[in-house]
Amino acid sequence: MGLIIYLDGEFVEEKDAKISVFDHGLLYGDGVFEGIREYSGKIFKLDGHIDRLFMSAHAIDLNIPVSKEQIKNIICQTLKKNNLMDGYIRVVVTRGIGDLGLDPKKCPKPTIFVIAGKIQLYPEKLYNNGLSIITVPTRRNLSESLNPAIKSLNYLNNILAKIEANNVGVMEGLLLNNEGFVTECTGENIFALSKNILFTPPVSAGALDGITRSCVIEIGQNMNLTVKQENITRYDLYNAEECFLSGTAAEIIPVAKIDGRIIGTGKCGKITKQIREMFKKVVIEDGYPVY
Ligand code: PXG
């Protein structure tokens, strides 16, 4: 049996969870989404994710027709219906059904669906050995064009970067902005450690204000590291002692190689390992109870 999906007010079987070919989420990538994790029956940073969903929607002038409390409730119900204690939740709100033109005014009712399932982006051994990544030719969208702070359904910028990484046999691509500063990877934020300073690009460089990123910043500060959100270059990354990526699905994963340059020891760094362990503790301590 497949998953039970929430779709526009109903819970339906996976095979029946279908949306219209006239939905502008599909026709134009016009919509927003969130990826959220549940650990041991508790949802990690649920309020942060819901707030970001509403901010993304507001930024594209999309009015989500249910309240934050209602969405939280829908998410919990979806997890329960699928008997999930450790799940990955995808919440999607699209502009809804319109005509073949792109005008959102012609889409009266947003489509909402919630999928609760499982996710594993990277094989377990990479959490010790580290990822090999490359800088991709595609640049991050300009903030003035399509702000990367908006978690929209328009992920072609990221997908082009992923294709470029795939084409040379690595699993992740690093995107620079138009000025050549580091922004983020296709689905994770990036951190570098140098002389007890933890660096990550500012959101204004063209990065998502990642929930895991915020959590790592807090962990770093609690470990008495200096955390700086400032512009960094590829040179800074190549010469960092440690480097890792952060994201809801990937959690915290070390980077061993960038553009063929070995980073630090070429394995998971000591501080990265500590941050990862602290993160694992936080995710089971904190959280919104589902059951
Ligand atoms: N940057 C981007 C562009 C993301 O999409 C993150 C950073 C990490 O943010 P959070 O809030 O999760 O710490 C994301 C989120 C995938 C995939 O398949 C990744 C995301 C979303 C959907 C799919 O790699 N990452």
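How many residues does helix H5 have, and how far does the helix reach from its first C-alpha to its last? Helix H5, spanning residues 156–167, has twelve residues and reaches 16 Å, close to the 16 Å expected at 1.5 Å a residue; the expected span is 1.5 Å times one less than the number of residues. Helices (H or I, at least four residues) and strands (E, at least two) are DSSP runs, numbered from the N terminus. The model is predicted, so to speak of local features a pLDDT of at least 70 is needed and side-chain atom pairs count only at pLDDT 80 or more, while totals for chains, interfaces and linings use all residues. Residues are numbered from 1 along each chain as its sequence is written, and side-chain values use heavy atoms, with hydrogens and water left out.

Within H5, the buried residues are Asn157, Asn158, Ala161 and Ala165. Here, buried means under 20% relative accessible area and exposed over 50%, with partly exposed in between (1.4 Å probe, protein chains only). Seen down the axis of H5, the buried residues fall within an arc of 95°, so they line one face of the helix; the arc is that of the directions from the helix axis to the C-beta atoms. These buried residues pack against strand E7 (131–135) and strand E8 (172–176), where contact means heavy atoms within 4.5 Å. Leu156 and Asn167, on the other side of H5, are exposed. Just after the helix comes Gly169, with a positive phi of about 80°.

Helix H8 (residues 270–285) can be described in the same terms. H8 has 16 residues and reaches 23 Å between its first and last C-alpha, close to the 22 Å expected at 1.5 Å a residue. Buried in H8 are Ile271, Thr272, Ile275, Arg276, Phe279 and Val283. They cover an arc of only 135° around the axis, which puts them on the same side of H8. Lys270, Lys281 and Glu285 are exposed on the other side of H8. Gly287 follows H8 and has a positive phi, near 145°.

Turning to the strands, six of the seven residues of E6 (residues 111–117) are buried, so this strand is largely enclosed by the rest of the structure. E6 runs antiparallel to strand E1 (residues 4–7), and two bridges join them; two strands pair if DSSP finds at least two bridges between them. Leu7 has Phe113 of E6 as its bridge partner. Strand E5 (residues 87–94) also pairs with E6 in the antiparallel sense, over seven bridges, and Val93 stands opposite Ile112 in E6.

Around the ligand there are 21 residues, of which Tyr155, Glu184, Ile211, Thr212 and Thr248 come nearest; a residue is near a molecule or strand if one of its heavy atoms lies within 4 Å of it. A backbone N or O atom of Ile211 lies 2.8 Å from an oxygen atom of the ligand. For Thr212, a polar side-chain atom lies 2.6 Å from a ligand oxygen, and for Thr248 the corresponding distance from a polar side-chain atom to a ligand oxygen is 2.5 Å.

Finally, Asn177 sits in the loop between E8 and strand E9 (182–185). With a relative accessibility of 8%, Asn177 counts as buried. A polar atom of the Asn177 side chain lies 3.0 Å from the backbone oxygen of Ala205. Leaving aside neighbours within four places in sequence, Asn177 is in contact with Arg139, Arg140, Thr183 and Ala205.

Key: A polar contact is a pair of N or O atoms within 3.5 Å; within protein, one must be able to donate a hydrogen and the other to accept it, and residues adjacent in sequence count only if both atoms are side-chain atoms.
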